Each structure stands twice: as structure tokens, then as C-alpha cells.
Amino acid sequence: MNIGIIDADLLDGGTKHPNLALMKISGYYKKFAKVTLLERYEDIPKYDKVFISKVFDFTETPDLSIYDNVELGGTGFFGMEAKSLPDEIEHHFPDYHLYDNYVQRKIAEGRRASYFGDYLNGSVGFLTRGCFRKCGFCVNRKYDKAFKHSDVTEFLDQSRRIIFLHDDNFLAYSGWKEELDKLKATGKTIQFKQGLDIRLMTERKAKELSTLKVYNDWIFAFDSIKDKELIESKLALWRKYCKRKTKLYILVAYESQDEQDIVNAFERIIVLMKYQCTPYIMRYTEYENSKIRGMYINLARWCNQPSMFKKKSFREFCMMGKENDSTMRYLKEFEKEYPEIAEKYFDIKYSEYNS
């Protein structure tokens, strides 16, 4: 039996992280079939069965209804209605070699090996699933609480130095301490890829988390200005124990797509500056329809490059471009219409809040 696998996100511009569900499917079927990662939709008819998955709903795919040997899956196709994998596949060891040929070919073509670090160096899985918050912008709303999903040994490849965790809300799980101890015992470097819920931070959690070997930044989220006081208090607690690089996702264009949303974003950015944290702007899709769409683009360009964010104010960053490029145009258009906002926020600097 010939099995084909298509990572739709990979074929539509690429992605820096492998698709866990597809690696599990590959690992399961390789026991009794030949499995191949396909890089063209045109190859679908050559295979007995083709599994296609995508994580992102904006990933474009051709008309797949013309094929009778295709099975679709993932939140990119079905959102909250996406079906879970059968237990025998869900808890199967992932095939970490699924992407090998693709990665090696891209490296041979000149792409840096470091770009594929997640493919080459990481074990990937969930310790817990579920979250009680049910945020409107999140696709992971089908569970009412966080619960144990699997043990780290279920997906740990000892030859790989990093463990990437996709847990929805790890700190909401009552057994978080036991799971942390198991992670520490592996001796591996850890990253909570989806971030952690800093609103659930306690003295004990901060102390225990700070002893974990973490890959790159610690990741949290600051989705709404309504949580400003709470998150500021939790960041103060976090910094009492951990001085490592810390990044918070800043959701924009969800509650509104107007100038007040820009103000709310800057207010959250200031909080992060105070606690030596960096923001990562997450643009909700509605930003595309905003009359100040360019400001959202500029904010992301500035904040999502930590080296620029830490050295330059928003204005200084925008003025790096040529006089008539889009970055400068977006800055001038917004400042002309909202001069009081520009005056208050465009010249704030990370270094001044950390002096």
C-alpha cells in the first residue's frame, strides 16, 4: 500500500515547524505501508491513500474534492470541528524522519540548516490538552479543563536535544508540578510552543519554572488590555525568580480595528518594557479590513524583531526606510490623523524603561 502525506501549510509558503499529526500518521502507517511526503498536489492520483492536513485557515489549497483517495484533517480545514486522531495514531510515536528528504534538499539549495532547527532537533508532543478559558479567537475550545494527555516518553526521541510542547494551557493542569519534574529529568531543553498562561502564575509556579532549561525565550500572552493590572503583577512575580528572555504574544485587531486598539497595543508594550520583556504582535485577520491596516503592519515589523525593538523607538524604526516606502507612509498617515497618539507613543524606547 502506498500512502502519501501532504503538509498543506508547507506547500503554501512554508512553515518552520513540522505537523505533529502528520508525523504520527506516518509513524503508524509505516509499520505496514510505504509512506511518502508529497510536495505536489498533482501526485495525489499515484497513491492509494493521501492524508492532507493544515493548521492555518489562511493556507490555500486547490480543489481537493476531485480526489476520492484523500482524507483531510486539521484546524485549517475544520476549525473547532476538526476530528481527533484515532487513539492508536494519536498515541503513536511520531515519525521524525518524515521531512528528512525535503529538509536536506532545501539545505542543498542554499537554505540555512538553522531554519529547519525544529525539524532536525526537536521532539514534539502534548503533555496536557484542554483549556478552561474558551477565548473567542482560539480554535482549541472543545474541552472545559486541562487534563493529562500523554507522558513525555510517548514522543521523546533521546537523540534530539529540544522538547517542543504544544499544550493548550499547561499551568491550568493540577498535576503541572509532576510533569515539570519529568521534563527536568530528561535533561532536555524545553519550549512551550503555544506559550503559558501567565495569569495563572503563582510563587511556586514561578520558582519551579525558572529552574527548567528553556529553549530561546519563555513565552506567555497578553491578549487584552483588560488584564493589564493582573499581568503586570504576574510579571513582577515572574521577574522575582526568572531573568531569562521572556516574550509575550500581543493580540491586536481582535477587540476592535481602530485607533483605540493601537493605543491598547502600545499600553501593553509599555508594560512589557518595564519588565524587560519583548512583545510579539499577533494580528487577528480582521486587521486586513481596517483603515489603519498599515499601522498593524508597522507594529509587527517593529516588535517582532527584538534587536530592532530593543534599540529603536517605533518612529526611529519606521524612519529607517526610504522617504516614500510603505513603512514611512503608514507612519505619516496615522500621525496626521491621530497626532496625540503619535506624540504619546511613537518615541517610547525599551532602553528608557530599563534604565
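**Salt bridges, cores and a cavity in a predicted model**

The side chains of Lys344 and Glu267 meet in a salt bridge, with an N to O distance of 3.9 Å. Because Lys344 lies in helix 15 (residues 339-345) and Glu267 in helix 10, this pair ties together parts that are 77 residues apart in sequence.

**Salt bridges**

- The count of salt bridges comes to 32, and side chains of opposite charge can pair in this way when their charged atoms come close.
- Arg105 forms a salt bridge with Glu39, and the closest N and O atoms of the two are 2.0 Å apart.
- That pair links distant parts of the chain, since Arg105 belongs to helix 5 and Glu39 to the loop between strand 2 (34-37) and strand 3 (49-53), 66 residues apart.
- Arg105 is partly exposed at 33% relative accessibility, and Glu39 is also partly exposed, with a relative accessible area of 33%.
- Lys184 forms a salt bridge with Glu208, where the closest N and O atoms are 3.0 Å apart; the pair links helix 7 (residues 176-186), which holds Lys184, to helix 8 (residues 203-209), which holds Glu208, across 24 residues.
- Of these two partners, Lys184 counts as partly exposed at 29% relative accessibility, while Glu208 is buried, with a relative accessible area of 19%.
- A network of salt bridges links Lys148, Asp151, Glu178, Glu179 and Lys182.

**Nonpolar cores**

- The largest nonpolar core has 95 residues, and those with the most contacts inside it are Leu183, Trp218, Phe266 and Trp302.
- Helix 10 (residues 259-274) gives the most to this core, contributing 9 residues.
- A second, separate core has 10 residues, among them Ile6, Leu38, Leu64 and Val70.
- Apart from its neighbours within four places in sequence, Trp218 is in contact with residues including Phe192, Leu196, Trp238, Cys242 and Arg244.

**Cavity**

- The structure holds 1 cavity of 30 Å³ or more, and about 40 Å³ of space lies in the largest cavity.
- Pro18, Met23, Tyr96, Tyr99, Asp100, Val103, Tyr119 and Leu120 line the largest cavity, and these lining residues divide into 7 nonpolar, no polar and 1 charged.
- Helix 5 (100-108) and helix 6 (117-121) each supply at least two residues of that lining.

Conventions:
Residues numbered from 1 in each chain as written. Predicted model: local features only at pLDDT ≥ 70, side-chain atom pairs only at ≥ 80, totals over all residues. Heavy atoms only, no water. Core = buried A, V, L, I, M, F, W, Y, C linked by side-chain atoms within 4.5 Å. Buried < 20%, exposed > 50% of the residue type's maximum accessible area, 1.4 Å probe, protein only. Helix = DSSP H or I, 4+ residues; strand = E, 2+ residues; numbered from the N terminus. Contact = heavy atoms within 4.5 Å. 1 Å grid on protein atoms, 1.4 Å probe; cavity = no way out; pocket = protein on both sides within 12 Å on 5 of 7 lines; lining within 4 Å. Points joined across faces, edges and corners; volume = space filled by probe spheres on them. Nonpolar A, V, L, I, M, F, W, Y, C, P; charged D, E, K, R; others polar. Salt bridge = Lys/Arg side-chain N within 4 Å of Asp/Glu carboxyl O.
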